[in-house]
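Please keep the viewer open and follow the points in order.

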Amino acid sequence: MTFNGILQILLFFGLVLLLVKPLGAFMARVFNGERTFLHPVLGPVERFIYRVGGVDPNQEQHWTTYTIGMLLFSVVGLLLLYGLQRLQGVLPLNPQGLGAVAPDLAFNTAVSFTTNTNWQAYGGESTMSYLVQMMGLAFHNFVSAATGIVLAIALIRGFARHSMQTIGNFWADLVRCTLYVLLPLCVLGALVLVWQGVPQNFSSYTNVTTIEGAKQTIAQGPVASQEIIKQLGTNGGGFFNANSSHPYENPTPLSNLIAMVAIFALGGGLTYTMGRMVGNQRQGWAIFGAMSVLFFMGIALAYPSETHVHPAIEKSGVNIAAVADPGSEQAGGNMEGKEVRFGIANSALFATATTDASCGAVNSMHDSFTPLGGMVPLLNIELGEVIFGGVGSGMYGFLLFAILGVFIAGLMVGRTPEYLGKKIESREMKMTVLALVLILPLSILGFTALASVHPDGLKGPLNAGPHGFSEILYAFVSGTGNNGSAFAGLSANSMFYNITIALAMLFGRFLFIVPAMAVAGSLAQKKIHPPSSGTFPTTGWLWVGLLVAVVLIVGGLTFFPALALGPIVEHLQMLAGKVF
Amino acid sequence: MFSQLRPAIILTLALTLITGLIYPLAITGIAQLLFPGRANGSLIVRNSKVVGSELIGQNFTRPGYFRPRPSAAGAGYDAAASGGSNLGPTSRVLIARIDSLTRAYRAENPGRPVPIDMVTTSASGLDPDITPANAEFQTSRVARERGVPEDAVRSLVRECTDGRQFHVLGEPRVNVLRLNMMLDDRYARH
């Protein structure tokens with residue numbers, strides 16, 4: 001580890017911290033239906049959409065109506081994306097003449113982008129036309145992110161309201177989030193990215209004769225407009241196969257910093273929105289604090305791990321030390337699958353951030369990380385991607401952990417648990433446990449077990465030994481967690497993986513959301529009890545510590561056996577000098 | 001439930017139009033106006049021919065040139081099939097490749113440890129850069145093959161070295177394509 005590396009990590013976190021309040025307060029205004037400085041421009045657009053869609057933005061919805069609206073919207077979007085991919089060959093904006101996407105791959109991709117996962121069993125530049133990238137994939141990058149955010153807002157309203165049957169209007173929340181929150185930030189961000197070198201054109205791929213006379217075909221496209229929403233909406237689906245390691249997606253250290261900050265920006269901001277909406281900012285900062293502790297734990301393991309390599313490589317006469325002497329600088333460390341401009345610190349940091357959140361963009365290949373370095377992304381996703389998390393999904397996931405936290409605290413002192421003035425009773429606990437402790441582990445471990453014994457599953461891994469198992473585990477962790485990053489050596493574009501991973505993505509998204517919304521509906525009906533001397537305070541460091549422990553214990557106990565079979569045993573074998 | 005079908009369909013279409021068509025077209029228009037070179041891929045034109053992109057690495061194998069990192073993109077630096085090797089840390093294939101490349105480089109420049117980026121593939125397979133350590137390692141070979149003093153080559157490397165952005169961000173790096181083109185301009189190959 002170098003001083004500069006640590007400095008860059010702190011600088012990144014400092015920028016995220018600076019954005020929490022302005023973004024969080026702005027989102028609170030938008031979702032309370034208040035006027036913002038953008039209304040003179042976007043207000044007419046908003047009202048026009050309501051008029052043609054037959055939406056009354058002031059009509060409040062019961063949690064079931066809200067959830068059904070969300071589900072219908074997702075189904076329509078999923079079908080549209082499937083259709084676009086299948087018809088790609090006859091649609092315009094396809095200069096490379098790419099043909100229809102195969103049915104199983106098109107289904108997998110449609111599910112993947114609808115669920116905010118952006119798992120990619122294809123290479124972008126060799127599979128998708130510009131039209132499908134823009135109207136199919138980028139559209140979902142916007143609305144799946146907006147869907148996540150509005151669901152979090154609905155759950156927060158459940159806490160903030162009392163004695164009410166309704167939690168807001170899904171359509172109004174969705175339109176407002178897309179127009180006022182996502183779109184303006186994307187316009188700004190996309191132009192900054194072009195300035196740094198990200199292409200934005202509709203040209204056909206450039207044919208080049210290189211200096212040595214070889215032929216090179218350089219893929220082009222409207223990259224910048226898609227790149228920024230990919231990060232800001234924690235989607236993560238790359239325009240190109242190599243994702244954010246591709247010099248066109250992520251050309252400079254500054255574009256890399258923007259990408260990482262964008263991944264955390266809205267997730268971090270939502271903690272402030274939550275504090276504002278429940279009328280106590282300290283509640284929001286406590287959650288921000290717990291998320292930050294978990295983030296630093298991840299990077300503190302990933303960064304030093306990546307400065308090491310297999311002992312056989314060290315013996316072969318390679319220099320892996322970080323060198324700062326002018327004229328012969330190098331980052332050193334495990335550079336397989338990493339870019340020179342990012343080095344070790346920014347690669348480890350990106351890998352940590354993209355899996356803390358449910359982004360899944362990568363600027364280095366996680367498959368080639370050291371065993372412990374690669375375990376950090378795995379573990380981050382297994383903990384439920386609640387460390388800032390997917391936009392919205394991190395927040396509602398973390399609120400369920402908070403419910404679990406007060407429940408455990410309540411058990412210790414023998415009182416009915418309360419959170420934000422709401423009594424947590426049997427119904428909320430059942431729904432919370434269903435989502436956190438049952439559905440996620442069942443999907444991840446169930447599918448991994450199936451793929452580890454099924455002949456079609458065993459055809460997938462590229463690497464032998466425990467690392468091959470890690471590749472399979474990572475695929476279902478990433479799918480269920482709606483992350484989308486991969487140990488990309490796995491050959492995932494097969495009927496077996498396209499279908500199983502698509503199911504994992506659907507379970508992880510929708511079977512999680514329905515119980516979470518049931519909690520929202522049930523909480524909104526309850527009265528708010530003013531805190532008494534017996535109430536467990538959910539603002540101080542004791543609470544932060546408890547939250548961190550609950551997240552680690554639930555995630556750790558559930559997934560430790562699987563991690564022991566993958567990265568942990570591989571780490572021990574590597575130290576012993578074994579190869580596979 | 002059916003009353004919700006209308007907004008589901010109409011909002012999908014309306015938001016597709018706004019985020020999937022109007023937004024990228026508007027960005028393209030502004031980008032082409034403000035930053036035409038970058039929006040079109042930072043292409044380098046020589047004698048009215050496109051010879052590459054400043055951002056996309058290309059392969060160099062002939063004597064007298066600095067070599068880029070090994071590439072796992074297609075058959076090597078295939079800019080229509082980006083990607084990494086995805087070989088794991090305990091992979092026999094990875095360690096054998098690193099070992100054989102290291103041996104070859106050590107023969108060229110005996111007694112010096114080989115910088116790790118010389119023998120590892122990048123994530124994109126299109127990494128345009130090498131580390132300054134890597135460039136320094138290759139300097140004596142390139143100078144010998146071109147028949148020019150080492151210090152002359154070294155000063156060219158300095159010119160092509162980008163430090164950390166704003167003195168903080170990223171890592172110092174040398175753009176291989178820019179460096180080799182500058183070599184060709186100043187010192188013809190023998």
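**Notes on side-chain contacts and packing**

1. Let's begin with charges. Over all chains, the structure holds 31 salt bridges. Please bear in mind throughout that this is a predicted model.

2. In chain A, have a look at A:Arg29 and A:Glu34, which form a salt bridge with their closest N and O atoms 3.5 Å apart. A:Glu34 counts as partly exposed, at 32% relative accessibility. A:Arg29 is partly exposed as well, with a relative accessible area of 36%.

3. In chain B, B:Arg46 and B:Asp185 meet through their side chains in a salt bridge of 3.3 Å, N to O. This pair links distant parts of the chain, with B:Arg46 in strand E1 (residues 43-46) and B:Asp185 in helix H6 (residues 176-186) of chain B, 139 residues apart. B:Arg46 has 34% relative accessibility and counts as partly exposed. B:Asp185, at 52%, counts as exposed, because the cut-off for that class is over 50%.

4. Another chain B pair deserves a look: B:Asp129 forms a salt bridge with B:Arg173, and the closest N and O atoms are 3.5 Å apart. B:Asp129 belongs to strand E4 (residues 129-130) of chain B and B:Arg173 to strand E6 (residues 173-175) of chain B, so the pair ties together parts that are 44 residues apart in sequence. Are these two partners buried or exposed? B:Asp129 is buried, with a relative accessible area of 3%, and B:Arg173 is buried at 9%.

5. Chain B also has a network of salt bridges, which links B:Arg112, B:Glu136, B:Glu150, B:Asp151 and B:Arg154.

6. Now to the rings. A search of the whole structure finds 33 aromatic pairs over all chains. One of them is edge-to-face: A:Phe159 and A:Tyr419, at 5.3 Å centre to centre and with 85° between the planes. A:Phe159 lies in helix H6 (residues 130-160) of chain A and A:Tyr419 in strand E4 (residues 418-419) of chain A, so this contact ties together parts that are 260 residues apart in sequence. A:Phe159 is buried, with a relative accessible area of 2%, and A:Tyr419 counts as buried at 0% relative accessibility.

7. For a stacked pair, turn to A:Phe447 and A:Phe476, which are 5.5 Å apart centre to centre with 15° between the planes. They link distant parts of the chain: A:Phe447 is in helix H15 (residues 426-453) of chain A and A:Phe476 is in helix H17 (residues 466-480) of chain A, 29 residues apart. A:Phe447 is buried, with a relative accessible area of 13%, and A:Phe476 counts as buried at 0% relative accessibility.

8. One aromatic cluster is made up of A:Phe12, A:Phe13, A:Phe264, A:Tyr272, A:Trp285, A:Phe288, A:Phe295, A:Phe296 and A:Phe388.

9. In chain A, the charged end of A:Lys338 sits over the ring of A:Phe369, 4.1 Å from its centre. In chain B, the charged end of B:Arg146 sits over the ring of B:Tyr65, 5.0 Å from its centre.

10. How do H15(A) and H19(A) pack? H15(A) and helix H19 (residues 541-575) of chain A have their axes 11 Å apart and pack at an angle of about 15°. That makes H15(A) roughly parallel to H19(A). Their crossing is right-handed.

11. A:Leu458 is placed in helix H16 (residues 455-458) of chain A. At 48% relative accessibility, A:Leu458 counts as partly exposed. A:Gly468 is ten residues from A:Leu458 along the chain, and the C-alpha atoms of the two are separated by 8.9 Å.

12. Finally, a word on backbone angles. Which residues other than glycine have a positive phi? Among them is A:Asn116, with phi near 65°, found in the loop between helix H4 (103-114) and helix H5 (124-127) of chain A. A:Asn116 is buried, with a relative accessible area of 2%. A:Asn243 has a positive phi of about 55° and is found in the loop between helix H8 (223-232) and helix H9 (253-278) of chain A. A:Asn243 is buried too, with a relative accessible area of 4%.

Key:
Residues numbered from 1 in each chain as written. Chains lettered and ligands numbered in written order. Predicted model: local features only at pLDDT ≥ 70, side-chain atom pairs only at ≥ 80, totals over all residues. Heavy atoms only, no water. Phe/Tyr/Trp six-rings, centres within 6.5 Å; stacked < 30°, edge-to-face > 60°. Helix = DSSP H or I, 4+ residues; strand = E, 2+ residues; numbered from the N terminus. Buried < 20%, exposed > 50% of the residue type's maximum accessible area, 1.4 Å probe, protein only. Lys NZ or Arg CZ within 6 Å of the ring centre and 35° of its normal. Salt bridge = Lys/Arg side-chain N within 4 Å of Asp/Glu carboxyl O. Axes fitted to C-alpha atoms, helices over the stretch in contact; angles between N-to-C directions. Parallel < 35°, antiparallel > 145°, perpendicular 65-115°, else oblique. Left-handed = near helix turned anticlockwise from the far one by under 90°.
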